Amino acid sequence: MKSANLTKRIRNNVISYLFILPGMLSITIFLIVPIFYGLFLSFHSAPLYTSPTFSGLKNYIEVLRSDYFWISAKNTIIYSAIFIPSVVVSSLLIAIILNTKIRLRNLFRSLFFIPFISSVIVISVVWKWMYHYDLGIVNYLLGLIHIPPQVWLGDPRLALSAIAVMTIWRSMGFYMILYLAGLQSIPSQLYEAATVDGASHWHTFYHITLPLLRPTSVFVFIIATISSFQMFEEVYIMTFGGPANSTSTLGWLTYDVGFLQLRMGRASTIGFILFLFLFIMSLVELRVFKIKGEY
Amino acid sequence: MPRLVKIFVYVILCIFGITSIFPFLWMISTSFKDTYVLYRFSLELIPKEPTLMNYVDMLTKTNFLVWGKNSVIVTSFTIFLSLFFNSLAAYAFAKKEFWGRNVLFIIVLATMMIPINVLIIPVFVLFANLNLVDTYLGLIIPGIASGFAIFLLRQYMLTIPNQLIDAAKIDGCSEFGIYYKIVLPLCKPALSALAILIFVWSWNVFLWPLILTTKDSIRTLPVGIAVFQGQYVTRWGLIMAGASFLFFPTLLIFLAFQRYFIRGIALTGLKG
């Protein structure tokens, strides 16, 4: 009896493993093995198509001593500092408006979402055209209000912000949907009670909406941080890291060192430093939102 | 709402709405303008002398059709295999007991946290050693591996009552039959939401095909356009025609399946 039970359990296990095998195999090949292999590479000198030789902490020391790394880290932080707050505020604003009973709600919701479903390549190419110095519509429109034309993507002071404006425009619709879902989960009785108590709009927003949206906000902040720290495609199409490294982000740096300079060990190291950085940022964000919640 | 506030709200919505789609209209408009028209700035949204020249050049003088074919192949295989493989795994994680289930599931969840920058270098070196560079298989694997897909489907499958599965077992249904005939049909809403998210991801994905292709004949559309806009720097009409070509399939799918889309994104939010 007992052995019959055991064979049944073994059979059940085998069947379960067969079920998860294809999915787990692709995750293993594409996600798990590369993580460990990347860690291995980061401790090796590994020019492409040669076998890696052990170099200890040399990659880490050299990356942390290079100006290129610190410029890219600075650019990434500046970019995130523009991107994250703008995208959170604007998407929350639109979500709140769309959560009221207004006409054409669904039409507006779809319109705002279109930029997010289209390829970053399409968007970067179109905005590059719109930012064109003498043929672009941006300079033309600014000319109408007497602002002199700018070389948006060729001026080291402007290029990174010009890219940020585009990515904020693109991502708003996505975060708006997340906030809309969050807003719809707030029970309407709370608002009714607040109205009965004579609370102002601002009060209900500050004391009901914002605190109850905290789980959504944590999620939005973390996703926005992860996406802004990895920004790469926009740079590839619009500026190729230039002018004068002013748009070189950590995402760009990894690509440049790995695929243009072909130093795989060094590039892996940059990837892991970025990973660590992101991990700490996410912990900080979780912490900040937790503290805010205690009152 | 007071009238004045209402007007103000509509003005804001309209400004945001127009800004959201104007770049696309501008792209389409430019794609129908002749090269010599584009030497000077003009505000015509509807071209005075529309021309199909850019589209003709795109189809005859560039590799667009090949890139388009590659994109269609990679995207359709990715959607099909991802739904199939990940729903199989999700079913086992949701409805079966096996050794190491929780540990394995935590590993699946943890893979969602890995940033792409950590992966690009080792994946490239590894795929190069496995001879997967410049192959369809190499382009498809990154789209199949998805902790998110397994997680989303598993959450949905947890809501399926166990009695249904037990009843099927008593009726002599095979293990695969239960998955295929009972569980999958019940998961249609989650599967369709996921299929559309995978379509958009796979159709638009850029970094993987960029590093995993070296030959022009295996490139996908986004990579093709990226390389092409670096070569034909001044042919803006042609570049915009290419961008429209990449844009329209996603727009059509979005307009047709909006509801699934929004649901899919909202499901994403639930994990937070």
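Visitor: What pattern does chain B follow, read along the sequence?
Guide: Chain B reads α-α-α-α-α-α-α-α-α-α-α-α-α. Its secondary structure comes to 13 helices and zero strands. Both kinds of element are DSSP runs numbered from the N terminus, with helices being H or I of at least four residues and strands being E of at least two.

Visitor: Is that chain spread out or compact, going by the radius of gyration?
Guide: Chain B is more spread out than a compact globule, because its radius of gyration is 23 Å, well over the 19 Å that the globule rule gives for 272 residues. The radius is taken over C-alpha atoms, and the rule is 2.2 Å times the number of residues to the power 0.38. Along its principal axes, the C-alpha trace spans about 75 × 65 × 35 Å.

Visitor: Before we go on, what sort of model is this?
Guide: This is a predicted model, in which local features need pLDDT of at least 70, side-chain atom pairs count only at pLDDT 80 or more, and totals for chains, interfaces and linings use all residues. Residues are numbered from 1 along each chain as its sequence is written, chains are lettered from A and ligands numbered from 1 in the order in which they are written, and side-chain values use heavy atoms, with hydrogens and water left out.

Visitor: Thanks! What share of chain B counts as buried?
Guide: Of its 272 residues, 54% count as buried. Buried means under 20% relative accessible area, exposed means over 50%, and partly exposed is in between (1.4 Å probe, protein chains only).

Visitor: Which residues of helix 6 in chain B are buried?
Guide: They are B:Gly138, B:Leu139, B:Ile140, B:Ile141, B:Pro142, B:Gly143 and B:Ile144. That makes seven of the nine residues in this helix, which runs over residues 136–144 and is mostly covered.

Visitor: And B:Ile107, where is that found?
Guide: B:Ile107 is in helix 4 of chain B, residues 101–111. This residue is partly exposed, at a relative accessible area of 33%. B:Ile107 and B:Trp67 are 40 residues apart in sequence and, C-alpha to C-alpha, 35 Å apart in space.

Visitor: New topic: how many salt bridges are there over all chains?
Guide: A search of the whole structure finds eight. A salt bridge here is a side-chain nitrogen of Lys or Arg within 4 Å of a carboxyl oxygen of Asp or Glu.

Visitor: Which residue pairs with B:Asp57 in a salt bridge?
Guide: B:Arg235 does, with the closest N and O atoms 3.0 Å apart. The pair links distant parts of the chain, 178 residues apart: B:Asp57 sits in helix 2 (residues 53–61), while B:Arg235 is in the loop between helix 12 (221–231) and helix 13 (236–270) of chain B. B:Asp57 is buried, with a relative accessible area of 10%.

Visitor: What about B:Lys48, buried or exposed?
Guide: B:Lys48 counts as exposed, at 68% relative accessibility. Its salt bridge is with B:Glu44, where the closest N and O atoms are 3.5 Å apart. Over in chain A, A:Lys58, A:Glu62 and A:Arg266 are linked in a network of salt bridges.

Visitor: How many salt bridges cross the interface of chain A and chain B?
Guide: The rule finds zero there. It does find ten residue pairs in polar contact across that interface, both residues at pLDDT 80 or more. A polar contact is a pair of N or O atoms within 3.5 Å; within protein, one must be able to donate a hydrogen and the other to accept it, and residues adjacent in sequence count only if both atoms are side-chain atoms.

Visitor: How many residues are in contact between the two chains?
Guide: 84 residues of chain A are in contact with 93 residues of chain B, where contact means heavy atoms within 4.5 Å. The two chains bury about 8,100 Å² between them, 82% of it on carbon and sulfur atoms. A:Phe19, A:Phe30 and A:Trp129 supply 10% of the area that chain A buries against chain B, more than any other three residues. Buried area is the accessible area (1.4 Å probe) that two parts lose on being put together, summed over both.

Visitor: Last one: where is A:His146 found?
Guide: A:His146 is in the loop between helix 6 (137–144) and helix 7 (159–184) of chain A. Its phi is near 60 degrees, a positive value in a residue other than glycine. A:His146 is exposed, with a relative accessible area of 73%.
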